[in-house]
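Hello,

Here is the structure I said I would pass on. Please open it alongside this message; my notes follow below.

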Amino acid sequence: MDHKTTGEWLLQSGVWIADEAQSGLQFKRSALGHAVSPRLDADDIGQLMRTHRLPDDADVHFPPEFQYSPFTGIALKTPIQSGQASAWVPPFGARAINSSAMPGAIGLRQTGQALKLARSPAREASADAGANADPDVSIPAPPPGEYAFFSARFGTTGAALLALDARKGSLYSWLPGQKLWLALESTQGGLLSECLLGEMAWRAELASGYNSRLYVPSGHGLACITADFPSLSYQVEHLGDAPSVAAPIWFQSRLWAPLQGEDGSIRFLNLDIHNVVGAEVVLEGAIALGKVSAPVAYGRSVIWPCEHGQLRLQQRQDGSMVANWTPWPDGLLPQFDFGCPYLSRDGDLWQLCFDSGSDRYGYLKLGTVSEFAVAMEPRLCSGSFNYRFSTKLKSAPWQEPEQGDDGGSSKSVMPLLEAGDSVLGVRFDTRVSLDTVLRSKERMYATLVQDDEVRILPFHTFFVDEPWRMRLFTHQGTLWAYHPSLGRIDGWKLQA
């Protein structure tokens, strides 16, 4: 069989068939062996698979492994790099669990990716003039829902964009050629189980690879999802046979997922990078967690702050794990709407609470019940940084600045994401108390800002209810902003 003119080419990217009439190759089966969906057009395949082209005919495609045409020997053109090397894991750009980077604090509103907006004279001129500049690019939002976005390789050579509506158990793929969203269909393991966790409690993990794996909480345990974009399909395995009561987190080289059985006890399912399940850690007794927040981990412990107490997993000196449940002190109510816990310079995590007995706010050191710092007012926090109204501070949120007084400010900034010394946030009016504004469902004007060591750059103004629910993600060298109440997703090019 002459592979130059006929027959199948079995490659890492999948199976390709020589097309003598077109002098190229057609993509037939994905790397997982599934038939390529007929709903993908040539441009979708070209962008997702980063196909190589003839210098004088961009409509003729070759597999990404080919540097030369097998028909003529001519050198092929390779696609331009997107400028983004890392996968994006929602909600805050956590590192992939198989990343070689040294882990720091996990679960805060922090990403290891560099997120500097590319310079735009028009945008900066608009910002100086107090006007609103258009985004660099926009795409339509997926069908109505509440989505988290993953950017990784899903049976593709290039990064693909996946939207997950955890509450509905729905997955959508973005087709970059046709510029539309299509649902992924299940091929194995049944449908993805819905997740009942709230937005503040939800997070995901990802193992990056040619067929990246997603790990998300669900109503039937930890869900391990493998998406295959070429076939517009996915397969899922539900682990644990009990509902996820809180989100999973990668901690001490294992993935930990709290599940709660009918008897109310908490089981910590855990598995390694190869999906091998380990011995469960069990917390006996019926435990009422109440409203749950996302987990945070630093050092040798991981804590899930909950409405009624702290759910904690601690590594002992011998390397084994022990779980415990600690109710909050009497009268202390955790406040999850103001952001995430504060990470102090010495590595401690502090949760904002309201002391109903003394009618005041303060910060409790997680893992303890007695170390409490009284604060004059609550701060909006992303981890290492906190905002006193619209002023970014790195000092402890219970410490008042020695100089300057912005107490009369009518604006506040909710930090959405930290990237090094830069913070991306939403600035909005707070002419009444901050807690009253955060409970409001009224539509309001708000502005996306980038606050770094040089300046505060406003780069987009929008009008929506609960603007602090804006979620940021990166894909193909672009910063994107999604809000469930808006019909489009706007994007801004990032510095390479």
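**What turned up**

Gly285 touches Gly264 and Ser265, leaving aside residues up to four places away in sequence. This is a predicted model. Gly285 and Gly264 are 21 residues apart in sequence, yet their C-alpha atoms are 6.4 Å apart in space. Gly285 belongs to the loop between strand 19 (281–283) and strand 20 (296–298). Gly285 is partly exposed, at 37% relative accessible area.

**Another loop residue: Ser384**

Ser384 is in the loop between strand 29 (380–381) and strand 30 (386–388). Its relative accessibility is 17%, so Ser384 counts as buried. The side chains of Ser384 and Gln110 make a polar contact of 3.0 Å. Ser384 touches Gln110, Tyr342, Leu343, Leu393, Lys394 and Glu418, again leaving aside residues up to four places away in sequence.

**Backbone points to check**

Most residues other than glycine have a negative phi, and most peptide bonds are trans. The following residues are worth a look against that background.

- Pro90 to Pro91: this peptide bond is cis, with omega near 5°. Pro91 sits in the loop between strand 5 (57–62) and helix 2 (121–129).
- Leu232: phi is positive, near 50°. Leu232 is in the loop between strand 14 (221–228) and strand 15 (233–240). Leu232 is buried, with 6% relative accessible area.
- Gln252: phi is positive here too, at about 50°. Gln252 is in the loop between strand 16 (249–251) and strand 17 (254–260). Gln252 is partly exposed, with a relative accessible area of 34%.
- Arg50: this residue follows helix 1, and its phi is positive, near 50°.

**Helix 1**

Which residues of helix 1 (residues 42–49) are buried? They are Asp44, Ile45, Gly46, Leu48 and Met49. The buried residues of helix 1 pack against five strands, listed here:

- strand 3 (24–30)
- strand 4 (52–54)
- strand 5
- strand 8 (160–165)
- strand 9 (170–175)

**Aromatic rings**

How many aromatic pairs does a search of the whole structure find? The search finds 21. Take Trp9 and Phe66. Their ring centres are 5.0 Å apart and their planes meet at 70°, so the pair is edge-to-face. Trp9 lies in strand 1 (residues 8–11), while Phe66 lies in the loop between strand 5 and helix 2. The pair therefore ties together parts that are 57 residues apart in sequence. Phe66 counts as buried, at 10% relative accessibility.

Tyr147 and Phe149 make a tilted pair, 6.3 Å centre to centre with 40° between the planes. Tyr147 is buried at 8% relative accessibility. Phe149 is buried as well, with a relative accessible area of 3%. Both rings belong to one aromatic cluster, formed by Tyr147, Phe149, Tyr172, Trp174, Trp181, Phe473, Trp480 and Tyr482.

The charged end of Lys392 sits over the ring of Phe385, 4.7 Å from the ring centre.

Is strand 34 (residues 443–451) largely enclosed or largely open? Of its 9 residues, 7 are buried, so strand 34 is largely enclosed by the rest of the structure.

Strand 34 pairs with strand 33 (residues 422–429) in the antiparallel sense, over 6 bridges. Phe428 has Ala446 of strand 34 as its bridge partner. Strand 34 also runs antiparallel to strand 35 (residues 456–465), and 9 bridges join them. There, Val449 stands opposite Pro458 of strand 35. Strand 34 and strand 35 form a hairpin, with 4 residues between them.

**Where to start**

Finish on the hairpin of strand 34 and strand 35.

Best wishes

Notes:
Residues numbered from 1 in each chain as written. Predicted model: local features only at pLDDT ≥ 70, side-chain atom pairs only at ≥ 80, totals over all residues. Heavy atoms only, no water. Helix = DSSP H or I, 4+ residues; strand = E, 2+ residues; numbered from the N terminus. Buried < 20%, exposed > 50% of the residue type's maximum accessible area, 1.4 Å probe, protein only. Phe/Tyr/Trp six-rings, centres within 6.5 Å; stacked < 30°, edge-to-face > 60°. Lys NZ or Arg CZ within 6 Å of the ring centre and 35° of its normal. Pairing = 2+ DSSP bridges. Polar contact = N/O pair within 3.5 Å; in protein donor to acceptor, adjacent residues only side chain to side chain. Contact = heavy atoms within 4.5 Å.
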